[in-house]
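Morning, everyone. Let's talk about aromatic rings. Have a look at the model first.

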Amino acid sequence: WSTWSPVVLGTMAMAPDDVEDLKKRLRQHDQMYASMQQQGKPFEALEHLEKGLFVRKELYGPEHPEVGRVCQVFTTSCNTLAMNSLQRDNHMLAYELLKKAEILTSPSGYISDNKMRMKLRAVTFNNFGCFYKRRGKLHAALQYLAKALKIELTSEEVDNPAGTHLNLCATLSQLGRHGPALEHAQCALELLEAMQDSREKGEGGGAFGQQNTTDDGSILAIAWHNIAVEQEHLGMLDAGLTSYEQAVIVAEREWGAGHIKTLAIKHSLEEAKHKASTRRSPVKPHAGHSMQGVASKAASPLDSILNPASSAPGLKGQGGFRQSNIAAKKGPSPLQKGGAKVGIKAYP
């Protein structure tokens, strides 16, 4: 007969020595996590966070609130680092991190708070959409973005529904589906303006309404710009000019008149004006010259400024500013904040 009395934790019975060993391991992983965070080594920190998560699961059981809380933090970190890896063209690591987040936000994961689980799942699907868009797999990107939007349409616990619409706009535009792309950009605009109205009235506006006002304004500039681009594609030149002008107004307010992104939008506006003028007063081509270049918008020399990754296909390239995307917002560790809030921000 054993001389020890079992200690019941979660669904398991363990000897006191085993419990102490697990607690010791947990302290070590938590200390290493904090140390790696302070040293600016997020990937090493994530490894200890993951190991700590599974020690907690073994120690407390999968249903314990602390397991769910740390799982939220880990999932958030996976999304953040996946997007950082994607921007550095480390596609394999980005995929592995997003896949972990997808598994942990499934119904069989460890997040018992269903609202938070679905919120994080929408973030993960949105980032998977960006991942596949960057890889040039536009149909796969659409599938994941549609999944994200479906969650956001049925949940109040979402960070950035307008951002998902802008991602869908960018992806559909690349597929040449400019009508649906315009609709999604307009949906994003309506959501952003509704949030602004709610904020001005002091109504809060839910989870999305609590986001930084400057972030919302930046997305608003992108929404107006994307609307203008799609209107141009559809031959709606006058409407496009109006939308570009609105984009410039918002950009000057949010970024400043001399900001490089504002200058890029102004450049697009001037190009659109020139294009509209040419359409209204067509010039007879000289012999031996084609007019094909007149009707199509030339690539802006500032596209690469609006999109630092424009040399690579997908996430922030192929079309410059018009291909606006969402990435997990880099910031302080959610564990240090004691929560698992995921911020999503539209980047040009």
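Start with the term. Two rings of Phe, Tyr or Trp count as a pair if their centres lie within 6.5 Å, with the six-membered ring used for Trp. On that basis, ring pairs join Y95, F125, F128, F131, Y132 and Y144 into a cluster. Keep in mind that this is a predicted model.

How many aromatic pairs does the structure hold? There are 9 aromatic pairs. Take F54 and Y110. Their planes sit at 80 degrees, with the centres 6.3 Å apart, so this pair is edge-to-face. It links distant parts of the chain. F54 is in helix α2, residues 42-60. Y110 is in the loop between α4 (91-104) and α5 (114-134). That puts the two residues 56 apart. Buried or exposed? F54 is partly exposed, at 37% relative accessibility. Y110 has 19%, and the cut-off for buried is under 20%. So Y110 counts as buried.

Now into the cluster. Y95 and F128 also pair edge-to-face, with 70 degrees between the planes and 5.9 Å centre to centre. Y95 is in helix α4 and F128 in helix α5, so the pair ties together parts 33 residues apart in sequence. Y95 is partly exposed, with a relative accessible area of 30%. F128 is buried, at 0%.

Last, charges over rings. Y144, one of the cluster residues, has the charged end of K147 over its ring, 4.8 Å from the centre. Which ring does K261 sit over? The charged end of K261 is over the ring of W255, 5.6 Å from its centre.

Methods: Residues are numbered from 1 along each chain as its sequence is written. This is a predicted model: local features need pLDDT of at least 70, side-chain atom pairs count only at pLDDT 80 or more; totals for chains, interfaces and linings use all residues. Side-chain values use heavy atoms; hydrogens and water are left out. Rings of Phe, Tyr and Trp (its six-membered ring) pair if their centres lie within 6.5 Å; planes under 30 degrees apart count as stacked, over 60 as edge-to-face and the rest as tilted. Helices (H or I, at least four residues) and strands (E, at least two) are DSSP runs, numbered from the N terminus. Buried means under 20% relative accessible area, exposed over 50%, partly exposed in between (1.4 Å probe, protein chains only). A charge sits over a ring if NZ of Lys or CZ of Arg is within 6 Å of the ring centre and within 35 degrees of the ring normal.
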